Amino acid sequence: LVQSFPAGKFGFTNVATEGDFLAPDAGQRPAGPTPSQSRFQVDLVAEAAGATEDKSPNSDASSTVPSSDKATPATPQDADPGTGGEEAKGRFRVVNFADPSGSGSAASPEAAPAEGLQNGDTVMSETSLHSSTGGQHHYHYDTHTNTYYLRTFGHNTIDAVPNIDFYRQTAAPLGEKLIRPTLSELHDELDKEPFEDGFANGDELTPAEEAAAKEAAESKGVVKFGWIKGVLVRCMLNIWGVMLFIRMSWIVGQAGIVLSCVIVAMATVVTTITGLSTSAIATNGFVRGGGAYYLISRSLGPEFGGSIGLIFAFANAVAVAMYVVGFAETVVELLAVNAIMTDQINDIRIVGTITVIVLLGISVAGMEWEAKAQIFLLVVLITAIVNFFIGTFIPSKSKESVGFFGYDGAIMWENMGPDFRGESFFSVFAIFFPAATGILAGANISGDLADPQLAIPRGTLLAILITGIVYLGVAISTGSCIVRDATGNVNDTLSAQFMNCTDAACKFGYDFSACKSEKGSCKYGLHNDFQVMSLVSGFGPIISAGIFSATLSSALASLVSAPKVFQALCKDNIYPGLGMFAKGYGKNNEPLRGYILTFGIALAFILIAELNTIAPIISNFFLASYALINFSVFHASLANSPGWRPSFIYYNMWVSLAGAILCCVVMFVINWWAALLTNVIVLGLYIYVSYKKPDVNWGSSTQALTYHQALTHTLHLSGVEDHIKNFRPQCLVMTGYPNSRPALLDLVHSFTKNVGLMICGHVRAGYRRPNFKDLATDQSRYQRWLLKNETKAFYTPVFSEDMRQGTQYLLQAAGLGRLKPNTLVLGFKNDWRDGDMMNVETYISMIHDAFDFQFGAVILRLKEGLDVSHIQGQDELLSSQEKSSGMKDVIVSIDTSKDSDADSSKPSSKATSLQNSPAIQKDDDDDGKATTQPLLKKDKRSPTVPLNVSDQRLLEASQQFQRKQGKGTVDVWWLFDDGGLTLLIPYLLTNKKRWKDCKIRVFIGGKINRIDHDRRAMATLLSKFRIDFSDITVLGDINTKPKKDMVAFEEMIEPYRLKEDDMEQEAAERLKNSEPWRITDNELELYRAKTNRQIRLNELLKEHSSTANLIVMSLPLARKGAVSSALYMAWLEALSKDLPPILLVRGNHQSVLTFYS
C-alpha cells in the first residue's frame, strides 16, 4: 500500500525521472527539498508517526537523522502501485506493509503501523535484496533467521537480534562469516549499495587472525585437553622438580625448619600472585596458543610481548637442557658403582643426548602421546612422594647411624633454627626458587586446551596449592626425624664417661660430635647427604624413579612449551625472518620446525654440562616473564579500559604490582649479574621491536593507558588559566588535503612541531551531497599519511555549504579544551583576479571571522603559488596508499544523480550549470585553502605529460621548507605591535634544526630624527625578551610617497570599482548589494594614504629583504564593513608581490611574550 503525503505540506515537486537525474549539466538542480525544509521534514514525518501511535522515542530518533540524509518519505509523488512501482524500484524500496487498522496510515517506514515496528525496519523485496548486495557478495542472510525474527517481532525485518557469531573473528564452521546488517543497509535510501568495502563491521582480519580462522575451520579431530590433564598435571609435574628429592633436605639442614617454611612460603607467594594474574588475563577474552607470550603481548602490546616471547621460548629450551642434565647426573651416579663409560662429564653428555632424543620423539609423536607420558610420570612421582612419607614413620635400627631416628621432638627442636654453613638465607632461597617456577606449563599450551578460560585459573592455582603443601610437608618431616650430621659409623655410640653431650642424637645414644670438630669428615645427615630422602623412604629405588620422573616430566613440558610459544611469536611476525617457524603440521598444527630448533638449543646446552652457570639465568628469564604478567594486570586495571573485564575476579591491581616488584627483587636476590643481563636483553629486544613498529593492533593496555592519560591531562589542563609564559601558537592551517599544499604544511610544522598544536583544516564545500562515510575514511587515511610523513598534526575535514561557513565551523569546534587553535593560517589567494569575485569576498570574510573569534591570522605567500594538487605524480602518496582518490572524485563530480547536494547552498552567483566546469573547479582549488577535488586534473591528463615550466617551479618552491635552510636571514618587519606573535614565530622557527643557521633581522618604522633612539629602545626590548637578533633597521622613510606612480595599482583595481558617481544612486545601491566586494570611490579616497603605504612598503621590502629566506611581516588590518574585500585583497597583493616567501602575521593583540619570570 503506497500512499503519498500532500505535496504542499512537504514542499516537494515532482520527482524527476532517472534520465533527468543522470544528466550532469541539466540546467536545474535535481529536485529535492531545500536545506531548511529537509531539516523540518524529518520532524514532520516523525510527528506523523507519533500521530498514528503514541511513540515518543521514535520522533526523537528520527529527528537526529543528519539533515542532508534521505529524510524524504520513500514514495514517489505520482506513483500508484501499479504504474509507478516499476519505475520506482530502481531507486526506492517498495514497501508493502499489511495495514492492520485499514486506515492507510502506513505511508513510509517512519510512519509505522501500530504494531510497534521500529524505525528503519523495512523488508527487502527480492529485487532490492538482489541489487543491494550487488548480487554476488559473500554476505548472506540466512532465511531461517529471517523467519525467526518474524516470529520474534511479529513482522519481517532484516535487523538482527544479538548473536555470538557477529562477534567472532574467525569464520563460522560453514566457512561463511555471519555479519550483522550494516547501519547503511538499515538506514540509507534504497539506491545506495550497502557493503561498499571490507567487512560490514569494519573488522578486517589480520593475516594472523585469518590463519586462526582457517585453523578453526580445519579443527575437526583435534585433541583438546580438560583442566586436569591439560593444566593441573602439567603444572604439578613442572613445579616438582629434582629439588624436591635431592635439595629439599639440604635446605632444611641449612636454614632450619622455620626458615625453610618461610622460603617455601615466599616462593609460593610470588607464584600465587603470578597465578592470579595469569588467571585474570587468561579469562579476559579468548586465549589462543602461545601461553605467556600470548597473554603478555595481547595485554601490554607487541614490544613487551615480543621481547618476553623470545626470552621465554629460549628459557624453556634451555630449561630442557637443565632438567635433562639433572636426570643424566642421577643416572650416572647410579651407574658409577660399576659402569663408567669414559669419565663423569662425558657420561652425562652421552646420557643427556640419548634422553633428549627420546623426549623429542615423544613430543613430535603428538600432544596426545605427550599427555599420556605426563600422566604416567605423575603417577610415578606421587608414588615416590607417598613412599617417602610412609618411610618417615618406619624407623629402623640400621638407619640410626646415618642420622634417621624417626619423629622426635628433640630433633625437631634442634632443627628449628638455621645453621648456615657457607650459605646465607638468600643464597639458599635462590637455590630453592627454581623449584617453584613452572606454573605457566599449563598456560603455555593454551592453544591445546578445550576451555582455556576455565582450565588455566583452576589448574594453575590448584597446582600451586598442592605443590606448596607438599614442599612444606617435606620440609617439616625431614626436619623432625633426621639430624643435621651423622657419621654413618655404627660404633659411634655414647660412652659412659662423656656425659656433656647436648645433641639430639645423644638421646638415642649416638655421639656425632666428631663431625663438628673435623669439617667434612661426615658423609651423612641433612647437611651432607643429598640422597637422604631415598635413605629414609620405605623403598629406596622408588625415590630414584621419582627423581627420573620429576626431571623427565619437567623436561618434556618445557620441550613442548618452547616451540608452542615460539610458533605463536613467529605467527605474529614480530621479528622478520623468523616466519618459517610459524608453520604448523598435522591436524593439531604441531610446530615441528620449532621442535627441531628447541632440540638444537637444548642439545647445545647439554653438551656444556655446567648446570650451575645455566640455572640462575633460566630462573631470571622465567622471573622476568612472571614480573611482566603481573605488571600487565596492574597496567590493564590502571588503564581502566572497558575491554578489561576478566571473568576471574579474585585479583587486585595493587597485589599484582607488588607481585611484579617481588619478582624483580627475587631476580636480583638470586643472582645480580644474571638479573642485570636479563634486563639488558629484555630492554634491547623491547627497543628493537619499538623501532621496527610491527604492523599489529591488539588493543593493548598500553594504548588504553595512553588514551586514559591523554584524557586526564587534557581535563587537568582545562582547569588552569593560560599564562603568557606558556603561550604556544596553536594553528588551524587551511591546507585542504594535507598533501596538496606542502609548503604551507612544512613551514607551519617547522614552528609548531613539539611546541604547539597543528590542525590541518579542510572544508569540503560544493554541490555534492556529503558522503560522510568518505569523510571518515579520508580522515583516517590522511591522518595516517601525516604520521607516515612524521608531521605532528591532526587532519580535520568538515562538510559545509561554502568555504566561509566551513571555516567558521572549524574556528568554533576544532580542538579540545586547552588544545584549541588560536591562530588561523591561510595560503595567499594568488589567483584572486581570475575567478568569481564572490570567492574573494569569502576569503576576506574568513580573515575577519578569525579576528571576530579572537584568533591571530597568518597568511603565507609564495610567488609561485602553494597548491600542487593538480600536478601529475607530485606525490606517490595516494597511488601507493589505496587507489587514488582522485579517480573516484572525477566520477562523482559528473554523476550528479547520486550526489545531488540536498543541503548545499542555494545557487550563488555561480551559474549552476557550470557546476562541474574545470574553470570553477580551478578557482575553488587555488583558493589558498581547502580544495574540493584534490586530484581532479591529475586524472584528466595522460600520465606521461612532462611538467611545464611553471609547474616545475611550483614543485621546487613547494619543497623549499623541507630542506635545511643555509646561512641566511629571517627578516621580521615588526611594524605594528600585535602582542608579539610577529616576533615569536620567527624565534620558534630559528630554534629548529633546519632554520638554526638563519639570523633574525628586525625592521621597524621610526622618525627620521630619532632613529638611534628607536633602535636602542627596540634592542632593549628584544634583549629583555631574550631573543637573539643580528641587527635592527629603523626605517624613517615609510611615509614618503611611493617612487613608482600609482598607475599599476589603479589598473589592478579598475574592474572591481563600483563607480557610483557615473550612475543613479538606486542602481548603485542595487549593484553594491548584489556584489558587495565592489570598491566605492568614496572609500578609495578615504584610504588613499593606506594604499600608498602598502605600495611603499613593497618597495622597501624589495630594497632590504629581496634575499631573505623568509620575510615575516605585520598583516595590515582593514575595518570590517568599511573596506571592501576587493580593496583589501588589492592591498595584500600590492604589499606582497614579487618577494621571497612572505608570512603576513597579525596576533590577536594579547601579549604572547613577557619578560617577567
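Of the 1157 residues of the chain in this predicted model, 52% count as buried (under 20% relative accessible area with a 1.4 Å probe and protein chains only; exposed is over 50%, partly exposed in between). Local features were required to have pLDDT of at least 70 and side-chain atom pairs pLDDT 80 or more, while totals for chains, interfaces and linings use all residues. Residues are numbered from 1 along each chain as its sequence is written, and side-chain values use heavy atoms, with hydrogens and water left out. The accessible surface of the chain comes to about 51700 Å² (Shrake-Rupley method, 1.4 Å probe; for residues, only the protein chains shown count as cover), and carbon and sulfur atoms account for 59% of this surface. The secondary structure comprises 44 helices and 10 strands (DSSP runs numbered from the N terminus, with H or I over at least four residues for helices and E over at least two for strands). Among contacts (heavy atoms within 4.5 Å) between residues at least 6 apart in sequence, 81% join residues at least 24 apart.

The 10 strands of an open sheet follow the order S3-S2-S1-S4-S5-S10-S9-S6-S7-S8, with mixed pairing; two strands pair if DSSP finds at least two bridges between them. Strand S3 (794–799) and strand S8 (1031–1035) form the edges, each pairing on one side only. From one strand to the next, the twist averages 20 degrees (angles run from 0 to 180 degrees between N-to-C directions, and axes are lines fitted to C-alpha atoms, for helices over the stretch in contact). Strand S4 (residues 823–827) pairs with strand S5 (residues 856–861) in the parallel sense over 5 bridges, and Thr-823 has Gly-856 in S5 as its bridge partner. Helix H30 (residues 772–788) lies across strand S2 (758–764) and S3, at about 160 degrees to S3. Helix H39 (residues 1011–1024) also packs on the sheet, where it touches strand S7 (999–1005) and S8, its direction making about 140 degrees with that of S8.

Helix H26 (residues 653–670) takes part in two helix contacts described here. Its axis comes within 9 Å of that of helix H18 (residues 425–432), with a crossing angle of roughly 105 degrees. H18 is therefore roughly perpendicular to H26 (65 to 115 degrees; under 35 counts as roughly parallel, over 145 as roughly antiparallel and the rest as oblique). In this contact, Phe-426, Phe-429 and Ala-430 of H18 meet Val-666, Val-669 and Ile-670 of H26. The residues comprise 6 nonpolar, no polar and no charged (nonpolar: Ala, Val, Leu, Ile, Met, Phe, Trp, Tyr, Cys and Pro; charged: Asp, Glu, Lys and Arg; polar: the others, Gly among them).

The axes of H26 and helix H27 (residues 672–692) come within 5 Å and cross at roughly 130 degrees, and the two helices are therefore oblique to each other. Met-667, Phe-668 and Ile-670 in H26 meet Trp-672, Ala-675, Leu-676, Thr-678 and Asn-679 in H27, a contact of 6 nonpolar, 2 polar and no charged residues. Met-667 is buried, with a relative accessible area of 2%. Residues up to four places away in sequence aside, Met-667 touches Asn-620, Leu-623, Ala-624, Ala-675, Thr-678 and Asn-679.

In helix H29 (residues 742–752), 11 of the 11 residues are buried, so H29 is largely enclosed by the rest of the structure. H29 is followed by Asn-754, whose phi is positive, near 60 degrees.
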